[in-house]
Amino acid sequence: MSNWNITYRGVVYPWHCDHMGHMNVMWYTGKFDEACWQLLGMLGLNSPRFAKDGTGMVAVEQHIQYKRELRAGDAVTIQSALLEVKDKSIHMLHKMLHDASGEVAALTVVVGVHIDAAIRKAIRLPDDVRQRAIAMKEQEISVLEEICE
């Protein structure tokens, strides 16, 4: 996918590293979480909207693959794409890149569910959000089709 959305840029600090000298798994999760919120914001799901609508998003599933160690001082970028848009949920794919080498350091797939914040139950995604998500996903698919031709 050549038109991934950049959803995070940052650096690995010494306090992100464990006794093995590489970034600890808790920091991968944190950086991917920030990327999720940026991607959701691009779709129109943000704190003011949640407060106004009485809604929210919750992560119900996450799978991470660690591909390359990251060490203190490494700059990273997370690029994100949508895998699936359902009535009440969004499946997001994020890849964390080691900026200096361009290598993929980690991948994660996250399933986010739209909820009514008062009763904590899944509800349908707003129509405008679904339309933006579907358009983003279709754009990603069209780029893939061009690459495959």
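Me: In this predicted model, where is the place of Asp-74?
Reply: Strand S2 covers 55-66 and strand S3 covers 75-85. Asp-74 has its place in the loop between S2 and S3.

Me: Which side chain of opposite charge is nearest to Asp-74?
Reply: Asp-74 is buried and has no salt bridge. A salt bridge needs a nitrogen within 4 Å of a carboxyl oxygen. The nearest side chain of opposite charge lies 4.3 Å away, and it belongs to Arg-68.

Me: Which backbone nitrogen does the side chain of Asp-74 reach?
Reply: Leaving aside residues up to four places away in sequence, Asp-74 touches residues including Gly-10, Arg-68 and His-98. The side chain of Asp-74 also reaches a backbone nitrogen at 2.7 Å, that of Arg-71.

Me: With which side chain does Arg-71 meet in a salt bridge?
Reply: Arg-71 counts as partly exposed, at 38% relative accessibility. The N to O distance in the salt bridge is 2.8 Å, and the partner of Arg-71 is Glu-69.

Me: How many residues apart in sequence are Asp-128 and Arg-49?
Reply: These two form a salt bridge, with their closest N and O atoms 2.8 Å apart. Asp-128 lies in helix H3 and Arg-49 in helix H2, so the pair ties together parts of the chain separated in sequence by 79 residues.

Me: Is Arg-49 buried or exposed?
Reply: Arg-49 belongs to a network of salt bridges with Lys-52, Asp-53, Asp-128 and Arg-132. The cut-off for buried is under 20% relative accessible area. Arg-49 has 17% relative accessibility, so it counts as buried.

How values were computed:
Residues numbered from 1 in each chain as written. Predicted model: local features only at pLDDT ≥ 70, side-chain atom pairs only at ≥ 80, totals over all residues. Heavy atoms only, no water. Helix = DSSP H or I, 4+ residues; strand = E, 2+ residues; numbered from the N terminus. Buried < 20%, exposed > 50% of the residue type's maximum accessible area, 1.4 Å probe, protein only. Lys, Arg positive; Asp, Glu negative; His and termini not counted. Polar contact = N/O pair within 3.5 Å; in protein donor to acceptor, adjacent residues only side chain to side chain. Contact = heavy atoms within 4.5 Å.
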